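Reader: I've got a model open and I'd like to learn how to read it. Could you walk me through a few features?

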Amino acid sequence: MITATEAYFRTELIERRHLLARATRDSHRTDLRDLLADVDAALARLDDGTFGVCDVCDEYIGTKHLTHDPLARCCEEHPTPGEEDRIHRDLALAHDLQLGLLPRHGLAIDGWQFRYRYEAASEVGGDFCDVIQVPARNETVVLVGDVSGKGVAASLLMSSLLATFRSLSSLALPTGELLTRVNALFNDSSPRASYATLAAATLLPDGAIDLYSAGHWPPLLGRGKAAEPVPIQAGLPLGLFPVSTYPGTRVRLSPDDTLLFYTDGAIDAENGGGEDYSTPRLARALATAAVDPLDALVDRCLLDVRQFQNGQPATDDLLLFALRAQH
Ligand SMILES: [Zn+2]
């Protein structure tokens, strides 16, 4: 029996065949001739009843996908090698663009030193960090966050969130107010189930730091041979509710102190035996590396997480961000 859908695709394909045949008549373009052969093959599949069946899984490819590409031979879950190459190229480009959104490495501003390590679980990730100077307030704002979800969707939200922070930072608002505004905008513009957790630090000219949390893990303070989480008052994650406030907590760093911000990808990293790396382990790694130069310190912490994982693949994006006062 010929269904209406089959009749529709047959008409579509025959029309394309006419146009292609006309275009290839006086042309030596082999790509057009190949395309013509593909159209003929699709018409043959309509004749023998295999049109719209995935070459890999034998499931129906789906009318939506076929309408987009009546020559499709595989479902969306089973891209052909050519499509796979294209997807990889796109993702590689997205990966480079995303790294370009992060602060440049080796950054030092007004007596503050920053080092971070970012490892996405796939080509692109939802973790993010930024260092924004606010000249009108003589302050620098550090952001370390984690958008819900993973992969391309999370990376799109992450870049939109970074852009929102950067554009609103020109208003030179106090950081708590900046977070309230970004929360409202993110809540308006992001899909229902999306949210982001974020830790922020305002570096003040006198060397003090105001810490803020939008549902994010508090940073670890490494001091001498000890390291522990800084108790800060947490606000709600960004994007959960339209209105939210973010109180700050003031701390002061001595010259050799280190503040270490981190995301789930570090402390939730599993060792294959169902055990998480956890915050106390990260605190011990930080304490062990406390007198190292900042670069070596973040490397040692990252290595400690990866050694704990013992070859288990990372399932979440990981970000470690360390900050030290040079004055
Ligand atoms: Zn398939």
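This is a predicted model: local features need pLDDT of at least 70, side-chain atom pairs count only at pLDDT 80 or more; totals for chains, interfaces and linings use all residues.

Reader: Okay, so is Asp-69 buried, exposed or partly exposed?

Author: Asp-69 has 24% relative accessibility, so it counts as partly exposed. You'll find Asp-69 in the loop between α3 and α4. From Asp-69 to Ser-213 is 144 residues in sequence and 47 Å in space, C-alpha to C-alpha.

Reader: Now the metal. Which residues are the protein donors of the zinc ion?

Author: Look for Cys-54, Cys-57 and Cys-75, each through SG, plus His-78 through ND1; they lie 2.0 to 2.4 Å from the zinc ion. Along the sequence, their spacing reads C-x2-C-x17-C-x2-H. Cys-57 sits in the loop between α2 (30–48) and α3 (63–68), and His-78 in the loop between α3 and α4 (81–101), so this pair ties together parts 21 residues apart in sequence.

Reader: And how do I judge the geometry?

Author: Check the angles: the ideal for four tetrahedral donors is 109.5 degrees. Here the angles among the four donor atoms run from 95 to 120°, and the zinc site is tetrahedral. As for accessibility, Cys-57 is partly exposed at 25%, and His-78 is partly exposed at 24%.

Reader: Which residues make the nonpolar surface patch?

Author: Tyr-195, Leu-236, Leu-240 and Phe-241 make it, with an area of about 350 Å². Phe-241 is in the loop between β9 (234–235) and β10 (249–252), and at 48% relative accessibility Phe-241 counts as partly exposed.

Terms used: Residues are numbered from 1 along each chain as its sequence is written. Side-chain values use heavy atoms; hydrogens and water are left out. Donors are N, O and S atoms within 2.8 Å of the metal (3.2 Å for Na, K and Ca); water is not among the atoms, so sites may look incomplete. Four donors count as tetrahedral if all angles lie between 85 and 135 degrees; four count as square planar and six as octahedral if opposite donors are over 155 degrees apart and all others between 65 and 115; anything else is irregular. Helices (H or I, at least four residues) and strands (E, at least two) are DSSP runs, numbered from the N terminus. Buried means under 20% relative accessible area, exposed over 50%, partly exposed in between (1.4 Å probe, protein chains only). Patches are made of residues with over 30% relative accessible area and no salt bridge: like charges are joined within 9 Å, nonpolar side chains (Val, Leu, Ile, Met, Phe, Trp, Tyr) within 5 Å. Accessible areas come from the Shrake-Rupley method with a 1.4 Å probe; for residues, only the protein chains shown count as cover. A salt bridge is a side-chain nitrogen of Lys or Arg within 4 Å of a carboxyl oxygen of Asp or Glu.
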